[in-house]
Amino acid sequence: MHSGTGPGLPGRLPRRILLAAAAGLPLAACTVPSPPRRRDPGPDPAPGRPIAHAGRSLLLQMLAHPDDDLYFMNPDTRRLLEAGTPVVSVYVTAGEADGINHAQGHPRPASDKNAYVSARQQGLRQAYATLLGLPRFTPWERTVLDLRGGKRAELDTLAHDGKQVRLVFLNVSVTSSRNRPSLPALWGDRGMRQRTMVADNSPLKEPGSYDYDELVDALTGLLDQYRPTVVQTLDPDPDIQHSPARVRTKNSEQPGYSDHRDHTAVACFSWAALIRWVAEKSANGEPLPRFTTTAFRAYYNRHWPKNLPASIVREKAEPLFVYGGNPDWDCGNPAGCGDYGVGFGRPLKNPKGWMRSTNYRYPGPQLVIEGTQAAYGVVGLRLVRWAASGVGWGAPEDLGGGPLAPGLGQAVTKDGGQLLFAVRIASLVGHGGANRREVVQYDGRAWTSLGNPERHPDRGRRIGVPVAVTSGDGSVHLFVRNAAKSVSTRVRDARGSWGPWRALGGPNGDGMGDGDGIQDGLSAAVDGRGLVHLFAAARTSVRHWAQPSPGAPLALRPPAMPAPGTPPQAFARPDGSLGVAYRAPHSPALVAVRPDGSPLPGLTFQGYGPVSAGEGPVLLGRGERGEVQLRDARGAVKRHRGVCVGPPALIRTSAGAVVAGLGADAVPWLWRA
């Protein structure tokens with residue numbers, strides 16, 4: 001969660017960076033304008049590669065600091081663990097901060113960084129022991145793990161009742177010898193090498209060090225050793241956020257962006273390792289690894305309405321309190337029994353509200369569905385198709401296109417053709433190399449780049465998940481959230497020709513403070529007259545753009561809908577009008593309204609997280625225990641307890657609603673509800 005390093009610019013910056021800052025050029029934790037010399041793996045769109053068998057499921061998380069998983073990835077991690085999915089958590093930094101582990105109401109101790117690292121790791125062992133259903137001080141097996149390149153890390157293992165957790169501590173120090181934040185420097189500076197720390201009472205007795213390649217390689221080796229089917233990372237491309245210096249300092253955010261610089265750098269290292277892992281398998285002629293990815297927002301949560309109801313917040317707080325610990329506990333670790341600054345209920349009292357939301361960098365279902373004939377998803381950073389087979393799906397077919405971010409857009413053309421849209425990581429290279437994203441289209445035969453609505457590569461990294469819909473006149477409207485926290489669009493005419501990117505008029509959150517932008521998770525729909533509508537969650541209302549007439553550009557309508565806690569979902573109503581469904585902030589309650597804000601009576605659907613909606617209306621989402629639940633058109637609620645990574649997808653058929661989801665083994669399932 002935090003490292004204790006100041007969020008301002010690091011000391012003794014090179015002159016070229018100071019000049020860039022003076023010129024108003026953006027700086028990010030994993031973008032440093034050094035002359036590039038790296039050639040890391042690039043796009044590999046060619047299809048037809050074999051995909052490894054799943055065999056079993058495993059979650060691997062890549063974190064910057066101890067507690068990032070508890071603050072930002074729960075309740076998702078907890079749900080997978082409770083379902084029996086083994087968990088491997090990799091903590092890249094030691095998180096030693098200033099070495100002062102101060103407990104509320106106790107004297108302030110002297111700085112002891114090695115002891116503080118040990119205490120935080122003890123806190124994690126306590127937290128995960130309770131998540132396994134064991135007493136908090138249950139002993140773990142603590143050993144030394146050999147990594148690629150001769151590196152070593154501490155490995156802690158605990159199993160209970162068929163469930164297992166492994167904690168891997170790389171212990172890279174967060175501060176360099178020049179008193180600079182080390183992870184951004186390790187990503188950006190050629191010749192940079194950073195030492196590791198040795199926690200008190202660790203089985204690992206000698207420190208080591210990493211340069212850029214060694215850290216990417218160590219992470220790649222861990223991926224290859226554990227072969228996860230689900231990978232969770234932090235956000236490599238946080239929102240642009242020009243907060244005043246005092247606000248930024250208070251909230252530990254890096255200059256110009258809505259997250260801690262260590263989170264961003266470690267997320268970049270994580271995605272570089274994922275890309276390298278897939279590239280290695282491809283180069284060796286081996287089957288491509290089968291895994292799905294989820295990137296989680298972090299300090300972003302402070303800037304938007306909170307999306308978890310009280311019951312989930314309490315559940316999320318439980319392991320955090322145990323992680324925070326108490327100096328009066330007898331945990332068996334002389335260095336300390338937790339991260340005391342997180343103890344004593346402080347996460348619930350924190351006005352930043354980090355733990356009161358769980359947000360995805362790439363929101364939306366992990367699958368898109370072509371009727372009941374096929375399902376598409378991003379597996380192994382590539383587009384994969386499963387054909388329907390009996391009551392489920394057949395073997396996966398690799399369609400290439402990678403490396404792709406999770407999240408797909410979909411549109412069906414007038415002639416029945418299927419168009420899929422994704423964000424491609426066109427380049428992700430440290431040491432000042434290119435760091436670019438592009439929107440790509442797959443038409444069933446070939447991949448086409450649709451470019452990026454942002455001209456500057458740094459701004460281009462901020463784009464969201466593509467959303468598309470086909471209007472009554474046959475044109476396809478494509479939308480993405482842009483760097484200004486507004487919306488950009490391209491339109492494909494009925495003949496198949498794409499127009500240019502253009503920005504929709506409306507809220508813009510790119511100025512100082514939080515502004516009035518929108519979140520990702522757009523919803524596009526067509527009404528009974530064939531007109532296109534777009535809905536997006538802002539801070540105080542749902543924003544609504546609509547075509548006034550066929551062929552006209554979309555125009556922003558005055559805000560009329562109540563404040564959202566989750567992305568809105570538009571759905572068609574029998575009379576040709578539209579409804580909009582989402583959850584209220586801080587609440588399990590459903591908000592169901594017409595675009596003019598008038599309520600749609602009789603729709604109740606308790607739970608948390610995004611809601612999908614179809615004509616009827618049929619509603620799909622999660623209950624408060626994380627189970628997938630469906631409300632049919634008659635109002636009956638049915639529940640499915642299978643594991644679903646990300647939100648499930650809703651399919652309407654002549655026989656009723658069908659639900660598809662991606663399991664923890666990166667294999668889709670069908671529920672004929």
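**Labels and cut-offs**

Modeller: Let's begin with helix H8, residues 261-283: its 23 residues reach 33 Å from the first C-alpha to the last, close to the 33 Å expected at 1.5 Å a residue. This is a predicted model, where local features need pLDDT of at least 70 and side-chain atom pairs count only at pLDDT 80 or more, while totals for chains, interfaces and linings use all residues. Residues are numbered from 1 along each chain as its sequence is written, and side-chain values use heavy atoms, with hydrogens and water left out.

Colleague: Why do you call H8 largely enclosed?

Modeller: Because 19 of its 23 residues are buried. Buried means under 20% relative accessible area, exposed over 50%, and partly exposed in between (1.4 Å probe, protein chains only).

Colleague: How do you know that Glu82 and Arg78 meet in a salt bridge?

Modeller: The definition asks for a side-chain nitrogen of Lys or Arg within 4 Å of a carboxyl oxygen of Asp or Glu. Glu82 and Arg78 have N to O at 3.1 Å, so they qualify. They sit four residues apart in helix H3 (residues 76-82), about one helical turn. Arg79 also bridges to Glu82, with the closest N and O atoms 3.6 Å apart.

Colleague: What does the Arg461 and Asp237 salt bridge tie together?

Modeller: Their side chains meet at 2.7 Å, N to O. Arg461 is in the loop between helix H11 (457-460) and strand S18 (467-470), and Asp237 in the loop between strand S8 (230-234) and helix H7 (245-250), so the pair ties together parts 224 residues apart in sequence. Both Arg461 and Asp237 are buried.

Colleague: Why doesn't Arg492 get a salt bridge?

Modeller: Arg492 is buried, but the nearest side chain of opposite charge, Asp415, is 6.6 Å away. Lys and Arg count as positive and Asp and Glu as negative, with His and the chain ends not counted. The place of Arg492 is in strand S20 (residues 487-492). Setting aside residues up to four places away in sequence, its contacts (heavy atoms within 4.5 Å) include Thr413, Leu419 and Trp498.

Colleague: How do you know that strands S23 and S24 pair?

Modeller: Pairing needs at least two bridges found by DSSP between two strands. S23 (residues 532-537) and S24 have five, running antiparallel, so they pair. His533 has Ala546 in S24 as its bridge partner. S23 and S24 form a hairpin with four residues between them. S24 also pairs with strand S25 (residues 555-556), antiparallel, over two bridges.

Colleague: What makes you say both faces of S24 are covered?

Modeller: In a regular strand the side chains alternate between the two faces of the sheet. In S24, Val542, His544 and Ala546 on one side and Arg543 and Trp545 on the other are all buried.

Definitions and conventions
Expected span 1.5 Å × (residues − 1).
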